[in-house]
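Hi everyone, thanks for making time this morning. I'd like to walk you through a structure, so let me put it on the screen.

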Amino acid sequence: MPGPSIPLRAVTALFLQRQHLARPRALTLTAHRLARFVEDVGGLQLDSINVLERAHYLTVWSRFGPYDRAWLDRIVYRRRLLFEYWAHAACLVPTTMLPWWRRAMLDYRLRHTGWSRWLRRNAKVLDRVKAAVLANGPMAQGDFEGRRPAGAAGWWSWRPVQHALHYLWMTGALTVHSRQHFQKRFDLLERAIPDSLGGAAVSSEDFQRWHIERSLHAMGAATELDLTHYLTFPRLGPGPRRAALRAMIEGGEVTALEIEGRPGRWLALTRDLPALARARRAPTPSRGTTLLSPFDSLLWYRDRVARLFGFDYRIEVYTPGHKRVHGYYTLPILHHGHLIGRVDAKRHRAEGRLEIRHVHFEPWFASGQKPPTGGARLDQDEALDGLRDAFASLGTFVGAGKVVLRRVTPSRLRKALTHAGSA
């Protein structure tokens, strides 16, 4: 029997709401709002690229505007509101969800058989690395370089220690205690987060259902392929995932949907059907303008972004310079629930300058057409005003006293943006 028929715009509106982008940069950041945000989206992705600002800092700025990054670090690494684990790549995830992620930690010991050979050869490395952390407190990988326990030689090299720290982290023996210059410092999980080992871990079956529930909550409605590409860790495999999903549908927790004009089956939490109905009546998917980090959870699955927003987005960091189309580190522009273009930006720290190297608008927006996924034409002047404000806000956030605008495509729109900075 076919499920409810829902317009795509309702899915997009609820997705933006769950991603805390219904009114971007409208609310001041607080600990409560940070926790709610990360709980709703499932994780705050980390990445080492720092051409503009670290990915997790940018993702929070996209929702809340300028804030104190040192405050965020204290919330994470002192108050332990969040902790580092693997959810969609390396992420900050809510500490309230640790009982669930403990199951993934325990299963990692068995599931990732690729470690078996290394573990057989390096069992002593694991023991010695863990003993060193136990004795010395938080340690970074660099703290092990040049050290050798009495009577041993050779094993205390960089690569075995790197593997040992990663394995002990992924299996829950260690956690990331803090970071110095973005380098991880590890400590025992139970010492960094007291009570972390209290109570029994959930079953693998319960974890699989929770994993699906969290992904569907974050997306509002999704295809089965969306589910496999949102929270990508752990890779549960199609068999167990489908069995868990089938049980949730049969139990009434999940409802199959039809999306108007879209093929295939979509899924939503049954409790979210009223939210989808409200989103259907919303006059616009969201209100406001912001820029998104390339590692933003809204963008985790690019094919979904293309379906919902008609926006083809790829990160070009690893593309050779002469083959890049839009720039090294481009931030999609979100305006009133539509992705209208992208910005290639760079912070010049020593000069206190934010360089907007290239603003590239989508052709439909630049020519004043309707969005590719439907809806009314956007007010171009209003969008450009919103983008100028976003540039100013980003400049404040990254500590740039000056914002400099370079190229705009199409060039005829550059004049409307020039007073965001000087040419």
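Predicted model: local features only at pLDDT ≥ 70, side-chain atom pairs only at ≥ 80, totals over all residues.

Let's begin with the helices. Find helix H1, residues 8-18, and helix H13, residues 302-309. Their axes are 9 Å apart, and the two pack at an angle of about 125°. Who makes the contact? From H1 we have Leu-8, Val-11, Thr-12, Phe-15 and Leu-16, and from H13 come Arg-304, Arg-307, Leu-308 and Phe-309. Sorted by class, that contact holds six nonpolar residues, one polar and two charged.

Now over to the strands. Strand S9 covers residues 254-259, and strand S1, residues 5-6, pairs with S9 in the parallel sense over two bridges. If you're looking for a landmark, Ser-5 has Glu-258 of S9 as its bridge partner. S9 also pairs with strand S10, residues 266-269, this time in the antiparallel sense and over four bridges. There, Val-254 sits opposite Leu-269 of S10. S9 and S10 form a hairpin, with six residues between them. In the turn, look for Gly-261, which has a positive phi of about 75°.

Last stop: Thr-59, which you'll find in helix H3, residues 55-64. Is Thr-59 buried or exposed? Its relative accessible area is 2%, so Thr-59 is buried. Setting aside neighbours within four places in sequence, Thr-59 is in contact with Phe-37, Leu-44, Ser-293 and Asp-296.

Methods: Residues numbered from 1 in each chain as written. Heavy atoms only, no water. Axes fitted to C-alpha atoms, helices over the stretch in contact; angles between N-to-C directions. Contact = heavy atoms within 4.5 Å. Nonpolar A, V, L, I, M, F, W, Y, C, P; charged D, E, K, R; others polar. Pairing = 2+ DSSP bridges. Buried < 20%, exposed > 50% of the residue type's maximum accessible area, 1.4 Å probe, protein only.
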